[in-house]
Amino acid sequence: MSLPAVLTLIADRKSGPLKPEAIDIARTLVKGNAPIVLSPGEAVDIPCPPPRPGSASIATIRATLAPCRVDALLLKTRGRRRAVLVADMDSTIVTGETLDELADLLGCGEEVAAITRASMNGELDFDTALEQRVALLAGKPASVLEQVWESVTLTEGARELVQTMRRHNGRTALVSGGFTWFTQRVAELCGFDENYGNELEIADGKITGRLAGPILGPDAKRDHLERLTSERGVQLRAALTTGDGANDIPMLASAGLGLAFHAKPNVRRIIPTQINFANLRAHLFAQGYHAKDFVTD
């Protein structure tokens, strides 16, 4: 009979393989069974009993393994595969912040980046921060959007995550506080079923400094999650969400599996399930997928 919980360990491949010593330490902490290899040298599942009073917390396990650059996720065995994926874009599916990069090219990078930091750390409400940043772009040529797009880089594992979940009948959506100009292109590159963002108003080839529609902020992200699960005919516990900033917290907290991905400190304080070292492949390992089952084309 399988145990009701599983501790999944995922190594940062760029820093080296998942070492046997790290696995042994983790097994001791959770009193786990022999590891099940999900990807040689990268990820394992350790079946284990559920947490009990006095047992090692996930925070303790994570801190113990941090020097090895290994992520640890303590999850229920039942219902690991998720039917819906809702992902943030900037610093999650793509490596950078598209608005900050746009501002850099337009000469107002430092001002915009400072507002972005304040917003992502929860020091400034999202709507106000977005309006302030967009206003700084007023009168700038819209052609620079193409320049930013040329430098956009997908995070390692992004396409594997989306395509693998789609292959297994998952509904996938990119939901971003960034601009639809980018979400549409990133969604097509990764294969997301749907994408949503904020529409940047452009007139006569110039950015007006305004948005063309209502702001897509933290509550709207959660609303999209609720709508997508409802349309898919599943409960919120069947959803996986991922993101890094304060505006992602509502959807991360509402989903059955919300993963704070290389997240800001205030997000990590609130969301206990975290990927701090590994790439986006970790989201598949968290669901019990083996690397051999990943869709890589």
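**Buried rings, salt bridges and helix contacts**

User: Are F285 and F294 buried or exposed?

Analyst: This is a predicted model, in which local features need pLDDT of at least 70 and side-chain atom pairs count only at pLDDT 80 or more, while totals for chains, interfaces and linings use all residues. Residues are numbered from 1 along each chain as its sequence is written, and side-chain values use heavy atoms, with hydrogens and water left out. Buried means under 20% relative accessible area, exposed over 50% and partly exposed in between, with a 1.4 Å probe and protein chains only. On this scale, F285 and F294 are both buried.

User: How many aromatic pairs does the structure hold, and which class does the pair of F285 and F294 belong to?

Analyst: Rings of Phe, Tyr and Trp (its six-membered ring) pair if their centres lie within 6.5 Å, and planes under 30 degrees apart count as stacked, over 60 as edge-to-face and the rest as tilted. The structure holds 2 such pairs, one of them joining W181 and F182 edge-to-face, at 5.1 Å centre to centre and with 70° between the planes. The ring centres of F285 and F294 are 5.2 Å apart and their planes stand at 40°, so this pair is tilted.

User: Are R281 and E160 buried or exposed?

Analyst: R281 and E160 form a salt bridge whose closest N and O atoms are 2.8 Å apart, and the pair links the loop between β12 (274–275) and α12 (282–285) to helix α7, 121 residues apart. The relative accessible area is 8% for R281 and 15% for E160, so both residues are buried.

User: Which parts of the structure are included in what covers the buried residues of α7?

Analyst: In α7, the buried residues are A158, E160, L161, V162, Q163, T164 and M165. As 7 of the 10 residues are buried, α7 is largely enclosed by the rest of the structure. What covers these buried residues includes β5 (84–87), β6 (171–179), α8, β10 and α12.

User: At roughly what angle do the axes of α6 and α8 cross?

Analyst: Axes are lines fitted to C-alpha atoms, for helices over the stretch in contact (heavy atoms within 4.5 Å), and angles run from 0 to 180 degrees between N-to-C directions. The contact is made by L145, E146, V148 and W149 of α6 and W181, F182, R185, V186 and L189 of α8. The axes of α6 and α8 (residues 180–190) come within 11 Å, and their crossing angle is roughly 35°.

Methods. Salt bridge = Lys/Arg side-chain N within 4 Å of Asp/Glu carboxyl O. Helix = DSSP H or I, 4+ residues; strand = E, 2+ residues; numbered from the N terminus.
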